[in-house]
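Visitor: Could you walk me through this model, one feature at a time? I would like to learn how each one is read.

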Protein chains: 2
Amino acid sequence: MAACVDGSLERPFARCRIMTRPVFRPIFLTLALCSLIPAQSNPAAAAAKTWRESHEREILSEFRDLLAIPDIASDSANIRRNAEFIRTMYERRGVTMRIVADPGANPIVVGEIRAPGASRTIALYAHYDGQPLDPKEWVTPPFEPTLRDAPLERDGRIIPFASATFPLNPEYRLYARSASDDKAPIVAMATAIDALRAAGTKLRSNIRFVFEGEEEAGSPNLERVIAAHRDLFAADLWLICDGPVAQTRQQLIAFGARGIVQTDITTYGPRRELHSGHYGNWAPNPAMMLARLLASMKDDSGRVLINGFYDGIEPLSATEKRAIAESPDVDSDLRKELWLGSTESSPRRLIELLQLPSLNVRGLASSRIGAQASNVIPSTATAALDIRLVKGMDFHRITERLIDHVRRQGYFVTDAEPNAETRMAHERVARIVAHEGAYNAVRTSMDLPISQEIIRVVESARGPSVRVPTMGGSVPLEMIERAAGTRTITIPIANHDNSQHSFNENIRIHNLWDGIELMAALIAM
Amino acid sequence: MAACVDGSLERPFARCRIMTRPVFRPIFLTLALCSLIPAQSNPAAAAAKTWRESHEREILSEFRDLLAIPDIASDSANIRRNAEFIRTMYERRGVTMRIVADPGANPIVVGEIRAPGASRTIALYAHYDGQPLDPKEWVTPPFEPTLRDAPLERDGRIIPFASATFPLNPEYRLYARSASDDKAPIVAMATAIDALRAAGTKLRSNIRFVFEGEEEAGSPNLERVIAAHRDLFAADLWLICDGPVAQTRQQLIAFGARGIVQTDITTYGPRRELHSGHYGNWAPNPAMMLARLLASMKDDSGRVLINGFYDGIEPLSATEKRAIAESPDVDSDLRKELWLGSTESSPRRLIELLQLPSLNVRGLASSRIGAQASNVIPSTATAALDIRLVKGMDFHRITERLIDHVRRQGYFVTDAEPNAETRMAHERVARIVAHEGAYNAVRTSMDLPISQEIIRVVESARGPSVRVPTMGGSVPLEMIERAAGTRTITIPIANHDNSQHSFNENIRIHNLWDGIELMAALIAM
């Protein structure tokens, strides 16, 4: 796979779009605009900043076009449109792209830039699919990118794109599904290429781009596809561009990420909903059963009560413990921002707790509430759970332990919809369905030379960083490491308050600008 | 309020529709068709049966027309259409009707038949509004009455009305919202008037009809409207025609009904949904909090753990205890029908448990489950509860006790949506909203002469009855008794397996036929 831009970004090939050099801006203006940005000693990042300042409108326009393509992993037609869009986007920049479309898998869009004489290859990963959603919950449609002059929570008003003035106020937000998670890095990397080319920056590493299309569906095929095309994916290090930066707005470097298991638990009451007056006190209530079952799983302080849940966890090294100790204390600000009167396992800090596994109820439903509620004993009740794993835990074993726990609460457990016979044969029946796409946590040692180099490059571009051994969110790093024979470090760019995975997802414009500079520094490292 | 039919149902007034006398049917045919009906010694009931057998098509047609009018209490326009329809329906039978439409209340449709020389007045109550619903849950639209040759659960096939053959197979079901709850009695009473007129039956009691239009909304105005028009509603006894008969298909007579309090409890987590990876273990999960809260309210055996929940309950009399002991044991058949592997408070029987108060979770919701689930920590979680009360309990006090219980679990309790300040000031915040329309239980002594007479009349029409001191379901008997200065006895006609209050509500045709005979016997008593 040859690259149009092949290491010397000075030399535009005939088939590449010719980029104009950025207009000079006096330093004092730049400083005034960016007084909050820490000192930047990285020349690639500085070049990216200069470039961005005179191309904000074009960057935003390309980003909007990408966000306007619906991107739920199950929506194959639109997923394909996203992949084609990204291919074209990078091809325009001279990167020869390839769409790896294996049967049964959403396409992975890959690209490569070879640097003559480079002795190593760095891969940059992002995903172009977004979390499933319910459009009714969104204030503006999820695939109609909408600019606001502040977050919705602070009554941000819509700024029509036609009337936006540039340079943009970097505190503006762009609302759309995947604005943060995870299309922003795709646009940031593309813009970084433009900027490096304009600055004539010479690359030192071969660079690969890998854009996945089903990460939010649990990356069910990533490992298989990488393994089948290992030459396209091999690298000394994969930089995973996903997730949010620190709540202080400092750059975060995560040396690992938690693994994940998702399960649905359904409890069963009467075959059909019953009148709660005529049967209440006699027919078992599956919602109450589910409440008891969930309550049995965690104690008041947030500790998971499933037997063996914490077994086998690999302890943190001295460097990792020090990184946590040195991380800024954001908890009290966060509590204020999130209206929290308390936190689990208080007074332990967020960053510390994310180094542990968690069990989370991500959704609950049984019959109806609100205006549609009626006086029934529900027939079933369902909880959607996610368990986050840390290094040393095995997702198969954790799923088994969860099932064992439910059994110990007196349930007959099945993974299929129980029929009449099953339901009558047991006092309590629970259906537990473990979703596909579970994976384990991984953690790259902070003491490795490449880890130390990444810290230096990132800090030269973005100032003092927050370094976490394990990021709270899950990315399929295990599969990547195994299939591509590599190690991973995660470099997110999104603002922490981006409503990622929920409705009204957004990106703070400042974070997109920062991301462009960071990507330039990493591509040039 | 003069009645066209005024006690001597022989004398059709000029403005009444002329009813033809029923065609004679040989006794052996009648017996063959109705071999499952117990011996019937009541002449009014027998006349109703004869009449019905030759008018099934017309009865069904009128019933369908009534069911086709949407009847959710909040749908004022359609509620008004229902009221007008019922007024016309009874006026056609010579009953002078009146619509009592007080400001802010759904109309109550009332009518009266005076029997010359009668020394007492019997009121017959039913309601024409239906439970709220979600049409998506229904197999056929809730307001398009659909005939099936068996229940849906037994794969009943649709019988188009045009091709139905009469006499109808009495095991057929008619599916529609309010088919059982509670429009069937309205049609049964109207048909009973036709039959009594045709048979020339002379009435002995003044009869009132009272059809309410917001019972499923908790009868928020019933007491006020009755009190404001006491002359229209006064009676020696109100017969409440609502609810299901016994599971054995025997006629049920309930001398009281449980009261009801409905509340919604909402727990609060972060201000907005958070990514469960990046915050899971630290941000409190309102779904888990709600689970723990609900679990704290009931023990494993179904006993409610709220302090003082069972205080003040009026004990059952010897007659009441005997009635319960004599009631048929339906539990094991019911368990089979409902696919239940266990029941609460086993081995105590359903009828026995319905004499106690209950606390029921009627709905649960937090974020999303299924295909729309996403990996979030929900922002709120809500449970819709209903508490059923028995005689001696006070709904105000029970609501207070529920609130106290939640407080004792460490919650700050508010009835308004808590703002940022409130949420940050307390470790745990719960919003408890008690719905309007709560009321207490009432119980009429089985030992009263009028109670004993009702038992005799009902059994002469429908064979051995099941007599329960308190029916499980709630009807606003307390308000009726207080406002109309009367006592109440409940005589339901619907099949127990009618999916009342849920989707796919239906009535078994046999129950409608039985109801017509029962109403004739009661009107003629």
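**Aromatic rings**

Guide: Ring pairs join Tyr90(A), Phe209(A) and Phe211(A) into a cluster. The model is predicted, so to speak of a local feature takes pLDDT of at least 70, side-chain atom pairs count only at pLDDT 80 or more, and totals for chains, interfaces and linings use all residues. Residues are numbered from 1 along each chain as its sequence is written, chains are lettered from A and ligands numbered from 1 in the order in which they are written, and side-chain values use heavy atoms, without hydrogens and water.

Visitor: How many aromatic pairs are there over all chains?

Guide: Rings of Phe, Tyr and Trp (its six-membered ring) pair if their centres lie within 6.5 Å; planes under 30 degrees apart are stacked, over 60 edge-to-face, and the rest tilted. The count by this rule is 14 aromatic pairs over all chains. In one of them, the centres of Tyr90(A) and Phe211(A) are 5.2 Å apart and the planes stand at 55°, so this pair is tilted. The pair links distant parts of the chain, 121 residues apart: Tyr90(A) belongs to helix H4 (residues 76-91) of chain A and Phe211(A) to strand E6 (residues 206-212) of chain A. Helices (H or I, at least four residues) and strands (E, at least two) are DSSP runs, numbered from the N terminus.

Visitor: Is Tyr90(A) buried or exposed?

Guide: Buried means under 20% relative accessible area, exposed over 50%, and partly exposed in between (1.4 Å probe, protein chains only). Tyr90(A) counts as buried because its relative accessibility is 0%, and Phe211(A) is buried with a relative accessible area of 0%. Tyr279(A) and Trp282(A) make a tilted aromatic pair, with 6.3 Å centre to centre and 45° between the planes. Both Tyr279(A) and Trp282(A) are buried.

Visitor: Which residue lies over the face of Tyr310(B)?

Guide: A charge sits over a ring if NZ of Lys or CZ of Arg is within 6 Å of the ring centre and within 35 degrees of the ring normal. Arg303(B) lies over the face of Tyr310(B), 4.2 Å from the ring centre. Arg428(B) is placed over the face of Tyr411(B), at 5.9 Å from the ring centre.

Visitor: Where is His496(B), and what is its side chain's polar contact?

Guide: A polar contact is a pair of N or O atoms within 3.5 Å; within protein, one must be able to donate a hydrogen and the other to accept it, and residues adjacent in sequence count only if both atoms are side-chain atoms. His496(B) sits in the loop between strand E19 (487-490) and strand E20 (506-508) of chain B. Its side chain makes a polar contact with the side chain of Glu337(B) at 3.1 Å. His496(B) counts as buried, at 7% relative accessibility. Contact means heavy atoms within 4.5 Å; beyond four places in sequence, His496(B) has contacts that include Arg272(A), Tyr279(A) and Leu334(B).

Visitor: How do I read the relation of the two chains?

Guide: Two copies of a chain are related by a rotation about an axis and a shift along it. The same surface serves both copies, as 100% of the contact residues of chain A recur in chain B.
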